[in-house]
Amino acid sequence: LLGRWISDLLRPGSREVMAIGFLGLLWAFSVSALVVLLVMAPSLMPQWTEPFHPATWASSLRNPWADVWMVNLSLVGDVWVVAWLGGLMMGVFLITRRWVAAGHWAVALIGVYALASLINTVMAGWVIESVPSAVPHPTLTQLPHRGFALWVTTVSFFALMVAKDLSARARKWPYLVATLISIPVGFSHFYLELASLPGLATAVALALGWSALIGIGYRHRARITPFRMRCVGVFLVSG
């Protein structure tokens, strides 16, 4: 059973050795970071009685000119927007008969949201904090932030699927684009006080770890076929 998962690592000259090895390291690092962040959560979460806690830095950044841009960026990472994007790409994969991509895509997106919701439920009972009744937004107390975890998983796993069919020299570009897209969206959530710094950090750790785990299975099963640029165009335009 294990041989089915690690055969690419044991086969000399396999094209997937470096890729799956890197995903394994990313998974181990992300899981370790997630565990550390969750253990330290009681001391990292906002102390609402301290005016200079890092969670209040966002208020000092606010200005009318930037508010409009940040609102638009935050909507890109909204749960319902990402769910719509995920459903659209699922339809594209089914129409183009990329069955393996469609299956792993569904597991990646549904799984990370379910895991984020489960961790939120557990952490809500463990992190005892006197949160005022009138917080800026309920999602500010999420640990990890569910919407951002779903967004990071969406862009990172899509980048992984695109990179699989590229040459070794060109594989870095999808990951670079995914990073450049995710950073502004995460900052907009912090700027608008929709998420705390610990919430964003745990969301990134969870999303990358889960994407790496599902990505190992995808890289093992998927065949090397040119990824149609129309799929990439639909994703970028729709997102």
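Valine 185 is buried, with a relative accessible area of 2%. The model discussed here is a predicted one.

Me: In which helix is the place of valine 185, and which residues does valine 185 touch, not counting residues up to four places away in sequence?
Reply: Valine 185 belongs to helix α9. Beyond its sequence neighbours up to four places away, valine 185 has contacts that include Phe148 and Trp151.

Me: At what angle do helix α5 and α9 pack, and what is the hand of the crossing?
Reply: Helix α5 covers residues 64-76, and its axis lies 8 Å from that of α9. The angle between α5 and α9 is about 120°. The crossing in which α5 passes α9 is left-handed.

Me: Which residues make the contact of α5 with α9, and how do they divide by class?
Reply: On the α5 side the contact uses Ala66, Asp67, Met70, Leu73, Ser74 and Val76. On the α9 side it uses Pro184, Val185, Phe187, Ser188, His189 and Tyr191. By class, the contact of α5 with α9 has 8 nonpolar, 3 polar and 1 charged.

Me: How do α8 and α10 pack, and what is the hand of their crossing?
Reply: Two packed helices are described by the angle between their axes and the distance between the axes. For α8 and α10, the angle is about 30° and the axes are 8 Å apart. As α8 passes α10, the crossing is right-handed.

Me: Which residues of α8 and α10 meet, and what is the division of the contact by class?
Reply: From α8 come Phe148, Ala149, Val152, Thr153, Ser156, Phe157, Leu160, Met161 and Lys164. Their partners in α10 are Leu200, Ala203, Val204, Ala207, Leu208, Trp210, Ser211, Ile214, Gly215, Tyr218 and Arg219. The contact of α8 with α10 comprises 14 nonpolar, 4 polar and 2 charged residues.

Me: How much space lies in the largest pocket, and which lining residues are the closest to its centre?
Reply: The largest pocket holds about 390 Å³ of space. Its lining has 17 residues. Those closest to the centre are Val152, Ser156, Tyr175, Thr179 and Leu208.

Me: Which helices each supply at least two residues of the lining of the largest pocket, and how do the lining residues divide by class?
Reply: At least two lining residues come from each of α2 (17-39), α8, α9 and α10. By class, the lining of the largest pocket is 13 nonpolar, 4 polar and no charged.

Me: Which peptide bond is cis, and in which loop is proline 144 found?
Reply: The bond from leucine 143 to proline 144 has omega near 0°, and is cis. Proline 144 sits in the loop between α7 (99-126) and α8 (146-164).

Me: Is arginine 97 buried or exposed?
Reply: Arginine 97 is found in the loop between α6 (79-95) and α7. Its phi is positive, about 60°, although arginine 97 is not a glycine. Because its relative accessibility is 65%, arginine 97 counts as exposed.

Me: Is glutamate 193 buried or exposed?
Reply: Glutamate 193 lies in the loop between α9 (172-191) and α10 (197-221). Its phi is near 60°, a positive value in a residue other than glycine. With a relative accessibility of 15%, glutamate 193 counts as buried.

Me: How many helices and strands are in the chain, and what percentage of its residues count as buried?
Reply: The chain contains 11 helices and 0 strands. Among contacts with a separation of 6 or more, 84% join residues 24 or more positions apart. Of the 239 residues, the share that count as buried is 43%.

Technical notes
Residues are numbered from 1 along each chain as its sequence is written. This is a predicted model: local features need pLDDT of at least 70, side-chain atom pairs count only at pLDDT 80 or more; totals for chains, interfaces and linings use all residues. Side-chain values use heavy atoms; hydrogens and water are left out. Buried means under 20% relative accessible area, exposed over 50%, partly exposed in between (1.4 Å probe, protein chains only). Axes are lines fitted to C-alpha atoms, for helices over the stretch in contact, and angles run from 0 to 180 degrees between N-to-C directions. A crossing is left-handed if the near helix is turned anticlockwise from the far one by less than a right angle, and right-handed if clockwise. Contact means heavy atoms within 4.5 Å. Ala, Val, Leu, Ile, Met, Phe, Trp, Tyr, Cys and Pro count as nonpolar, Asp, Glu, Lys and Arg as charged, and the others, Gly among them, as polar. On a 1 Å grid over the protein atoms alone, a cavity is a set of points where a 1.4 Å probe fits but cannot get out, and a pocket is an open set with protein on both sides within 12 Å along at least five of seven lines; lining residues have an atom within 4 Å of a point. Grid points are joined across faces, edges and corners, and a volume is the space filled by probe spheres set on the points.
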